[in-house]
Number of protein chains: 2
Amino acid sequence: MKIYFATGNPGKLKEVSEKFAGIGIEVMQLEDEYPEIQTSQLEEVVRWGLDWLWERHKVPLMIDDSGLFIKVFDAFPGVYSAYVFKALGCEGVLKLMEGVDPRQAEFRCCAGYIDGNGQVVVTGTVKGRIIHEMQGTGGFGYDPIFVPQDQKKTFAQMTVEEKNSMSHRGRAFGLLADKLRE
Amino acid sequence: MKIYFATGNPGKLKEVSEKFAGIGIEVMQLEDEYPEIQTSQLEEVVRWGLDWLWERHKVPLMIDDSGLFIKVFDAFPGVYSAYVFKALGCEGVLKLMEGVDPRQAEFRCCAGYIDGNGQVVVTGTVKGRIIHEMQGTGGFGYDPIFVPQDQKKTFAQMTVEEKNSMSHRGRAFGLLADKLRE
């Protein structure tokens, strides 16, 4: 079986390809972009994007979308994490969090698949907390200020393998692989 | 001539209807919503929304989208102003602006029209600054922290008539009316 994955990120393509190779699914890159709609829910972005790409390509395909959800702000920066990161950076989020307690947050990744039978959409989550200053230089985005539950290091202090083993994206595509194997 | 206006806001419908009545155009409410795409540009949201609604209705129609663009953050909260307001409020923006100078910002409204001949898209802007504490109880959103250039009061301290006379939306629909009259 062959599934197209609409992503422009080679690291992501590699990570997902390796995961799906284990269940006998070949992952090919789909070189197309889809409009991401404005909503507070990752799942709505993904469901809408799947339908949009399906209309155009009519091949089995996958997409995903991720975000950091800070509990006290009720889903900020959430679906707009990339945009907010570009505008404010980790520094801006730390400034907003000055004096704020509790500091719970979670990274979520919503992964979706579509074919002629409809959609399969799942969400992988990593709970954790926003620390008080940036730590680590690995990863990207908010990784330097996020420490997963029961961990002592930020995502930015982990190796790629460590992070992938517990990341929201790893979990989402693991769940998706389980569903597709069923 | 009759133009449909896709908005769920009765105050906005009334304001725009009155403006367009002056040039002999009747404005009717279009009761449909369109997906707003994620982008940093209001104009892209509006152009995409116009095409989407045109495909479905094929009648002359208008939409608009507004945002607050804070210079030092390079367009934040911008297109996502409503979402950021819900998450952080004026308080959050003031916190981000603590110790920040300069404090220039502008409200922008992008208004667009479409018919069988294509699109007309214009942008109205009000330059001003973010003050250091909330003032006034009128208006909505970021009005209590925004003082237009050459003014002493925030939008939230003005009457509806005062604000409309200088607002980004007033200007955008004024420009659009001029273009449609041509």
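## Fold of chain A

Which pattern does chain A follow when read along the sequence? In this predicted model, the order is β-α-β-α-β-β-α-β-β-β-α-α.

Among contacts in chain A between residues at least 6 apart in sequence, 58% join residues at least 24 apart.

## Dimensions and burial

The radius of gyration of chain A is 17 Å, which agrees with the value near 16 Å that a compact globule of 182 residues would have. The C-alpha trace of chain A spans about 50 × 30 × 25 Å along its principal axes. Of the 182 residues in chain A, 40% count as buried.

## Interface between chains A and B

Contact between the two chains involves 17 residues of chain A and 17 residues of chain B. On the side of chain A that touches chain B, helix H3 (residues 81–96) of chain A supplies the largest share, six residues.

## Symmetry

Chain A is superposed on chain B by a rotation of 180° with 0.0 Å of shift along its axis, at an RMSD of 0.0 Å. This is the relation of a two-fold axis. The same surface serves both copies, as 100% of the contact residues of chain A recur in chain B.

Which residue of chain A comes closest to the rotation axis? That residue is Ile37(A), whose C-alpha lies at 2.1 Å from the axis.

Terms used
Residues numbered from 1 in each chain as written. Chains lettered and ligands numbered in written order. Predicted model: local features only at pLDDT ≥ 70, side-chain atom pairs only at ≥ 80, totals over all residues. Contact = placed C-beta atoms within 7 Å. Helix = DSSP H or I, 4+ residues; strand = E, 2+ residues; numbered from the N terminus. Least-squares fit on C-alpha atoms with pLDDT ≥ 70 in both. Rg over C-alpha atoms; globule rule 2.2 N^0.38 Å. Buried ≥ 20, exposed ≤ 12 C-beta atoms within 10 Å, placed from the backbone.
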